[in-house]
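Student: Please take a close look at one residue. Then place it in the wider chain, and state each cut-off you use.

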Amino acid sequence: MNVVFIGFMGTGKSTLGKLIAAALSYEFVDTDRLIEEREGRSVAAIFAADGEARFRKIEAEVARELSRGDRMVIAGGGGFPINPDNIELLRKNGLIITLTALPPVILERVGRDQTRPLLHVPDPLQTIETLLRERAVFYRNCDLTVDTSGAELNEAEEKCLEFLRKKGIINGKNQS
Ligand code: S3P
């Protein structure tokens, strides 16, 4: 089985994903980093040179490849679940966890980050709110939702671990 984190930019997919991967002794894979390694250029550079459609195509190829893997914690990019095929593929042998956060918290975490091309706009808070509304239906397509708006990462981590225990991915004492 795999564990797949989805959710908007700045909701903590990579941070929490790494913690959960360490707890499970699973490999951690971030789809954006994988795409960047493959392409030899940054996500921002792919968007700038070839457009979002090309990026989404590479993202779908990566989803297909990862769906064949096992014992991985996968953090998808924020737009990863917009293509329902990506989720259906990973759901076959994976549990999907959506992370959420309030728009101002997201802005605080990623607002000044130059690596997110979709937020290079005059009013990033408005863009965050609009995209969240548009994407809500896709982010709901999951097995568990955890809000990370609070400062306590431990709490979000514990909620994920409790869920994975219930699902039999880990048991109480042996975390592998
Ligand atoms: C995107 C989110 C980014 C990255 C790309 C597009 C999105 O990933 O895939 O900039 O559409 O929300 P993170 O959520 O890891 O920032």
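Tutor: Start with Asn154, which is exposed because its relative accessible area is 53%. The classes are buried under 20% relative accessible area, exposed over 50%, and partly exposed in between, using a 1.4 Å probe and protein chains only. The model is a predicted one: local features need pLDDT of at least 70, side-chain atom pairs count only at pLDDT 80 or more, and totals for chains, interfaces and linings use all residues. Residue numbers run from 1 along each chain as its sequence is written, and side-chain values use heavy atoms, with hydrogens and water left out.

Asn154 belongs to helix α7, residues 153-166. Helices (H or I, at least four residues) and strands (E, at least two) are DSSP runs, numbered from the N terminus. Now take a second residue for distance. From Asn154 to Glu88, the C-alpha separation is 29 Å, across 66 residues of sequence.

The protein chain holds seven helices and five strands. Read from the N terminus, the order is β-α-β-α-α-β-α-β-α-α-β-α. Along the principal axes, the C-alpha atoms fill a box of roughly 50 × 35 × 25 Å. The radius of gyration is 16 Å, which agrees with the value near 16 Å for a compact globule of 176 residues. That radius is taken over C-alpha atoms, and the globule rule is 2.2 Å times the number of residues to the power 0.38.

Now the surface and the interior. Of the 176 residues, 46% are buried.

Thr11 sits in the loop between β1 (2-7) and α1 (13-24). Thr11 is buried because its relative accessible area is 1%. Beyond its neighbours within four places in sequence, Thr11 contacts Leu99, Thr100, Ala101, Ile106, Arg109 and Thr148. Gly77 is in the loop between β3 and α4. At 4% relative accessible area, Gly77 is buried too. Residues up to four places away aside, Gly77 touches Gly7, Lys13, Thr31, Asp32 and Glu59. Its C-alpha atom is 7.7 Å from that of Asp30, 47 residues apart along the chain.

Helix α6 (residues 124-139) holds Glu134. Glu134 is exposed, with a relative accessible area of 51%. The C-alpha atoms of Glu134 and Ile82 are 9.5 Å apart, with 52 residues of separation along the chain. Glu129 is also in α6. At 34% relative accessibility, Glu129 is partly exposed. Glu129 and Leu102 are 27 residues apart in sequence, and their C-alpha atoms are 9.1 Å apart.

The axes of α3 (residues 43-66) and α4 (residues 84-91) come within 9 Å and cross at roughly 10°. So α3 is roughly parallel to α4. Axes are lines fitted to C-alpha atoms, for helices over the stretch in contact, and angles run from 0 to 180 degrees between N-to-C directions. Angles under 35 degrees count as roughly parallel, over 145 as roughly antiparallel, 65 to 115 as roughly perpendicular, and the rest as oblique. From α3, Ala60, Ala63, Arg64 and Leu66 meet Asn86, Leu89 and Leu90 of α4. This contact involves five nonpolar residues, one polar and one charged. Here Ala, Val, Leu, Ile, Met, Phe, Trp, Tyr, Cys and Pro count as nonpolar, Asp, Glu, Lys and Arg as charged, and the others, Gly among them, as polar.

Last, backbone angles. Most residues other than glycine have a negative phi. Ser25, not a glycine, has a positive phi of about 55°. Ser25 lies in the loop between α1 and β2 (27-30). Arg71, not a glycine either, has a positive phi of about 55°. Arg71 is in the loop between α3 and β3 (72-75). At 39% relative accessibility, Arg71 is partly exposed.

Definitions and conventions. Contact = heavy atoms within 4.5 Å.
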